[in-house]
Amino acid sequence: MKKITFLLVAMLAFCWQGHAQFTEDFESGVPGTFTEVQDAEAIAWGACSGILGGQTCPINGSTSATFYRASFTSAVTSLTTPIMDLSAGGFRLKFVHSQLDWGGDQNTLLVEISIDGGGTWTTIEDFTTSIASPTSELYLLDTYTTTATTQIRFTGTTDYGYAVVLDDVVVEPIPTCTPTVVDSSTVVDDCGNSQFSVHVVVSTVGDGTNITDGLGGSFPVVAAGTVTAGPYASGTNVTLTMEHSDPACNFTLGNFQYLCPPANDTPNGAIVLTLDEGTACGANTIVGISNAATNDSGEVDPSCSSQWNPSPGNGDLWYQITAPAADLTLSVSNISGMTTVSGILYSGTPGALTEVGTCGNSWPKTYTGLIVNDTYYLRVWDYGNDQTGTFDLCGYYLSCTPATINFTVDSSICGNPAGDFNVLVDVTDMGTAASLNVEDNQGNPAQIANGLTTLTFGPYTNGTNVVITATPDDNANCVVTSTNQTQTICPPANNECANAIALTVNPDYGCGTVTSGTVAGATDSGVSGSGCFGTDDDDVWYSFEATATGHRVSLLNVSGSVTDMYHAVFDAGAGCGSLGSAIVCSDVNTSNLTGLTIGNIYYVQVYTYTSTSGQDTTFDICVGTTPTCYEPSNLSAAFVAPNSADLSWDAPTQGTAPTAYNWEVVPAGNGQGNGIVDSGSAAGLTATATGLTANTLYDFYVQSDCGGGDTSSWAGPFTFNAGYCIPTGTSSSTYIDNFTTTGAAGVNIDNSASGLATDNYGDYYSTHYVELASDQNFDFSVGIVSGTVGAAIWIDWNNDFVFDLSEVVYSTTSYGNGPFTGTITVPNGTANGDYRMRVLIDWNDNNPGDDDACSFGFGRGEVEDYKITVDNSLSVANLEISQFTYFPNPVNNTLSLRGVKDIQDVAVYNMLGQEVLRTAPNTVNSDVDMSGLQSGTYFVKVMIENTTKTIKVVKK
């Protein structure tokens with residue numbers, strides 16, 4: 001038996017004063033006549049008509065006003081009625097409320113009255129405890145001397161996952177009738193007949209006449225005692241009303257509903273589930289119904305995570321299975337009204353059940369090793385605690401043992417006129433069958449397998465989808481069907497390990513000789529290296545003979561559908577059938593092999609890392625030989641004069657010690673050996689390159705010569721720029737001491753006290769910068785600490801770090817100690833990004849570009865860099881368009897536009913993108929006549945200073 005109790009305070013008799021002053025049932029949501037105030041953490045009052053926090057939200061009818069909090073922070077919100085004229089007195093307040101929670105005091109509802117239009121509030125009632133069921137409240141308002149400006153306010157406070165629910169707010173005259181006093185209303189179940197009734201205990205009859213249920217039922221109230229309403233079918237939702245001879249005294253007892261638990265609510269009531277023989281569910285599928293299931297089975301919770309355990313709110317269902325075979329599969333599908341169904345199988349008897357397997361909410365579930373003809377119990381429950389719903393439950397098994405068959409595509413005939421591939425049917429175990437009838441779906445003659453054998457079906461042309469079916473003679477349920485067997489294109493010649501392509505071994509790491517390859521059309525060779533990764537379902541094979549104990553395998557020029565490649569290297573001595581573990585597994589495209597045996601053959605397996613089939617990746621592969629003469633390192637260049645440079649490098653730290661070094665300088669980007677400007681051989685670690693052109697980029701290469709023709713690969717390129725001097729000190733003697741902008745937001749910079757670092761070109765640079773936009777100006781001032789100099793200032797708009805006379809924006813006509821001042825304009829159209837402002841100081845003469853002083857040994861040339869960030873969002877046009885305003889919106893006839901600069905053009909478009917109006921006011925303020933346009937939404941594009949802004953306007 002389950003009980004739902006409603007208490008109602010006895011009401012006193014007052015004079016009848018006409019119709020209700022105010023009533024709201026929230027059936028159309030929270031009306032705009034209410035005033036709502038909420039704090040920053042609150043969620044607004046709204047109409048709730050369904051499930052909230054796992055519980056039914058509306059109290060009466062289809063909706064209620066509900067305040068819900070879904071965060072761990074408490075929140076407060078209030079609803080205030082419109083002002084009511086209650087100056088005549090004799091009124092009462094009625095409402096129904098509840099709190100959706102799980103038994104904690106998480107919610108409060110404060111009810112207040114104001115008789116001065118909301119200026120001062122007096123508490124009527126403050127509900128601070130949890131309410132398990134909706135409760136009707138009634139208050140006589142004469143206590144508060146009501147006026148013509150009376151208001152009622154409801155304030156809710158709630159925490160995470162809880163809600164305050166309010167319904168049926170009524171302010172009405174106090175009736176003259178005597179209301180019936182109801183002590184309790186109790187649901188009494190009769191689940192043996194799938195029904196329930198409601199027992200209403202009446203202590204005072206008053207003017208009460210009948211209890212009605214809104215379904216046509218009426219139950220007379222003739223004396224104090226118990227009135228039985230019903231019975232009602234399980235699950236029926238009933239609203240009971242206590243009616244009186246004077247309807248003014250009618251009141252609602254509330255909503256009543258009871259769901260009888262299903263028969264299989266416990267293991268003793270388990271429903272028998274018969275399994276289908278075969279590999280899928282059949283006619284024995286049954287419908288599971290979880291309505292009102294309870295967790296009173298007395299069995300221990302299954303051993304799975306807590307969110308999977310059946311909770312008291314929704315419970316579990318039980319099914320009994322007699323195992324027809326040692327292995328069986330159970331499946332749940334077509335879930336409706338619930339989130340997900342979880343389940344577990346038990347052996348034993350009710351009250352002493354033992355879990356079989358593990359629980360979870362994934363289906364189907366396969367169980368093995370069961371005892372044939374033993375009884376097992378399946379327990380299922382709703383994963384989401386939604387309580388009510390249905391699902392399909394079934395199971396299946398095999399009484400025979402299927403054959404074990406491997407199906408493979410044989411590409412050995414690819415390209416033949418008769419067809420491109422065969423399908424091999426390799427029977428490795430007959431199961432319980434004495435013979436198998438094997439056939440394809442292409443109409444070829446069936447073949448019989450009377451034992452372990454390999455059958456060939458085909459040939460088929462590329463693109464044909466072949467499915468092979470093997471039916472046993474003893475039981476058709478054990479039929480074996482292949483997946484789709486097909487071939488799109490012919491595989492590469494080296495698709496199998498046995499057909500590996502031999503690679504040429506290069507004498508060094510230079511990869512002078514490469515072999516082109518592809519995985520397009522490749523299939524799984526069936527050979528995998530232990531410890532390797534990726535999916536080798538499209539592997540191709542190569543081989544090489546070791547000419548040294550160390551080699552390098554490189555994949556180059558990888559392109560196609562995917563470029564993430566993998567390769568493995570095997571010792572080929574044991575043959576393709578038993579390669580064993582790989583020597584190397586490599587996800588990077590280069591692997592270094594050591595400890596090889598000279599003269600031995602090694603296999604290289606190459607494939608794409610992905611498991612997605614159909615890749616068409618191409619690549620080049622090469623095998624290089626570990627050098628004995630290694631490359632030098634740490635290449636650098638220092639400038640002696642604009643047409644020369646000092647070159648240096650470090651000796652290799654491994655291999656044979658070089659006896660000399662070969663070096664060369666070429667124009668940047670040419671590549672080693674192309675267009676050599678200067679070259680030579682050096683016994684030491686330095687050389688001087690001459691014949692260079694100032695302000696030109698060069699590439700420097702160097703090679704170790706270990707004697708006897710043993711040389712390393714070329715190291716490089718190291719790129720340098722000829723034409724200006726490298727600073728020789730540890731701190732700068734120059735600075736930009738007043739770097740400002742004009743007409744834009746910028747940063748004033750004073751570097752006089754800041755330490756400067758050097759970049760990889762040896763230049764001094766500063767991290768100070770200024771933000772500008774195209775067409776904006778900034779002023780500069782360069783002051784010299786000491787000495788007499790010339791100066792040039794330019795912006796490296798190309799970011800190529802090359803001094804370009806065409807980019808010089810300021811240079812001295814004579815030299816001195818400054819300050820050197822000027823203004824620089826960012827060119828219109830300059831893209832957003834970071835640029836260098838460079839200051840070149842020449843200590844010798846008034847021509848900063850030639851740096852002749854660098855060759856004289858006295859004085860020094862210096863370059864300092866400062867960063868300029870171009871950000872066109874700072875432009876004047878953008879600032880002006882951002883200050884543009886418009887009104888009204890929605891617009892009846894005229895749209896007013898207001899700018900800070902002339903409005904050049906106005907265009908109006910409809911929702912289809914069609915221009916419906918255009919004007920060119922060329923004034924700061926403009927009015928657009930939209931009276932001729934139909935009601936709807938339009939886009940208005942406004943142009944100011946050649947910058948446009950689009951606004952959305954609603955035309956009434």
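Two strands count as paired if DSSP finds at least two bridges between them. Keep that in mind, since I will be talking about pairs of strands. What we have here is a predicted model.

I'll start with the hairpin. Strand S68, residues 936–944, and strand S69, residues 947–955, pair in the antiparallel sense over nine bridges. That clears the cut-off of at least two bridges. As one example from this pair, Lys941 stands opposite Thr950 in S69. Two residues lie between the strands of this hairpin, and Glu945 takes a positive phi there, near 50°.

S68 also pairs with strand S65, residues 894–909. That pairing is antiparallel too, and it runs over six bridges. Here Val906 has Val942, in S68, as its bridge partner.

Now to another part of the chain. Which strands form an open sheet with antiparallel pairing? There are three of them, in the order S31-S32-S35. Why does a side of S31 and a side of S35 go without a neighbour in the sheet? S31, residues 404–410, and S35, residues 453–460, stand at the edges and have a single partner strand each, so one side of each is left without a neighbour. From one strand to the next, the twist averages 20°.

Within this sheet, S32 covers residues 421–429 and pairs with S35 in the antiparallel sense, over six bridges. If you want a residue to look for, take Phe421: its bridge partner in S35 is Tyr460.

To recap, we have the open sheet S31-S32-S35, and we have S68, which pairs with S65 and with S69.

Key: Residues are numbered from 1 along each chain as its sequence is written. This is a predicted model: local features need pLDDT of at least 70, side-chain atom pairs count only at pLDDT 80 or more; totals for chains, interfaces and linings use all residues. Side-chain values use heavy atoms; hydrogens and water are left out. Helices (H or I, at least four residues) and strands (E, at least two) are DSSP runs, numbered from the N terminus. Axes are lines fitted to C-alpha atoms, for helices over the stretch in contact, and angles run from 0 to 180 degrees between N-to-C directions.
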